[in-house]
Amino acid sequence: ILNGDPYCWGGTKSLNGSTDYLTPTKVKTPYKFSSISVGNRMVCGTSNGKLLCWGVNTMGQIGDGTTDSKYEPVEIGSYSDWETVESSYTTHDFGIASSTCAIRSKKLYCWGENKYGKLGVGDHGNRIVPSQVYGLSSWSKVSLGYNHACGINGSAALCWGNNESSKLGTLYSSSRGTPEPVDSNVIFDDVVTGAQSSFGLSNGSIYFWGQDFFYPENIYKNY
């Protein structure tokens, strides 16, 4: 983002384009952006509280109620109080897959591909519009990993989706379709998800779980 204008670069073949942009190129849009998040061949961002997305939409990851790909940013819904948005990068045997989550009025909404229940809505069905994550309404952070997600609700860290390598940090060994508390007494300020692991930040100290570390391990302590 430069002076509110989003710039992107890379290939466009997934949108039936023939041009590869080798340098940052301004996106065609009148909107001024404050944040953007890149998923698998799609992008979402916020502009003055509005939510906009574009790109490949085979799983409904754009969130506009269709599965038609979008060549330019389109506004998702009519709300103007979206606070943050995160998109994920995932590949499966059946093709391009991506999911998106965003926070509005402290409520968490997710949409797109829902393998392993990673949207947190209580089932495994894809969503083509933003759908509220099960039962909680004090969200401040969300991070999407590879088929899983974590977030901060109130003073609690929660994770959901695929639990391969114990990357949810919960008592459960299987995938979870709704947010489950991370098994720790630590109060986390932030969470970040990777491919097979997750990280939490608490008062300057860093914690890690996943890669077969079942529960959060302190890997950097802020003295």
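**Close-up 1. The hairpin of β10 and β11 in the predicted model.** Strands β10 and β11 form a hairpin with two residues between them. Strand β10 covers residues 99-104, and strand β11 covers residues 107-112. The two strands pair in the antiparallel sense, and six bridges hold the pairing. R104 stands opposite K107 of β11. In the turn, S105 has a positive phi of about 55 degrees. K106 lies in the loop between β10 and β11, and its phi is also positive, near 70 degrees, although K106 is not a glycine. Most residues other than glycine have a negative phi. K106 counts as partly exposed because its relative accessibility is 42%.

**Close-up 2. Strand β11 and its pairing with β12.** Strand β11 is mostly covered, with five of its six residues buried. Besides its pairing with β10, strand β11 is joined to β12 (residues 127-132) by three bridges. The strands β11 and β12 run antiparallel.

**Close-up 3. Y116, in the loop between β11 and β12.** Y116 is not a glycine, yet it has a positive phi of about 65 degrees. Is Y116 buried, partly exposed or exposed? The relative accessibility of Y116 is 27%, so this residue counts as partly exposed.

**Close-up 4. The surroundings of N57.** N57 is found in the loop between β5 (50-55) and β6 (70-75). Its relative accessibility is 0%, so N57 counts as buried. Which residues does N57 contact, apart from its neighbours within four places in sequence? They are I62, G63, D64, T66, T67, D68, S69 and K70. With I62, the distance from a polar atom of the N57 side chain to the backbone nitrogen of I62 is 2.8 Å.

**Close-up 5. I152 in strand β14.** I152 belongs to β14, which spans residues 148-153. This residue counts as buried because its relative accessibility is 2%. Leaving out residues up to four places away in sequence, I152 touches S138, W139, S140, K141, A157, F188, D189, D190 and V191. S69, one of the contacts of N57, is 83 residues from I152 along the chain. The C-alpha atoms of I152 and S69 are separated by 31 Å.

**Close-up 6. A nonpolar patch on the surface.** The patch is formed by V192, F199, L201, I206 and I219. Together these residues have about 390 Å² of accessible area. V192 lies in strand β17 (residues 190-193). With a relative accessible area of 46%, V192 is partly exposed.

Close-up 7. S205 lies in β19, a strand of residues 205-210. Is S205 buried or exposed? Its relative accessibility is 8%, so S205 counts as buried.

**Close-up 8. The salt bridge between D5 and K26.** The count for the model comes to eight salt bridges. In one of them, the side chains of D5 and K26 meet, with 3.6 Å from N to O. D5 lies in the segment before β1 (7-10) and K26 in strand β2 (residues 21-26), so the pair ties together parts that are 21 residues apart in sequence. D5 is buried because its relative accessible area is 10%. K26 has a relative accessibility of 44%, so K26 counts as partly exposed.

**Close-up 9. Two further salt bridges, and a network.** The side chains of D123 and R127 meet in a salt bridge of 2.8 Å, N to O. D123 counts as partly exposed because its relative accessibility is 31%. Another salt bridge joins the side chains of R176 and E180, at 3.6 Å from N to O. Both R176 and E180 are buried. Salt bridges that share partners join D5, K26 and K32 into one network.

Note on methods. Residues numbered from 1 in each chain as written. Predicted model: local features only at pLDDT ≥ 70, side-chain atom pairs only at ≥ 80, totals over all residues. Heavy atoms only, no water. Helix = DSSP H or I, 4+ residues; strand = E, 2+ residues; numbered from the N terminus. Buried < 20%, exposed > 50% of the residue type's maximum accessible area, 1.4 Å probe, protein only. Polar contact = N/O pair within 3.5 Å; in protein donor to acceptor, adjacent residues only side chain to side chain. Contact = heavy atoms within 4.5 Å. Patch = residues over 30% accessible without salt bridge, like charges linked within 9 Å, V, L, I, M, F, W, Y side chains within 5 Å. Areas by Shrake-Rupley, 256 points an atom, 1.4 Å probe, with all protein chains shown as cover. Salt bridge = Lys/Arg side-chain N within 4 Å of Asp/Glu carboxyl O. Pairing = 2+ DSSP bridges.
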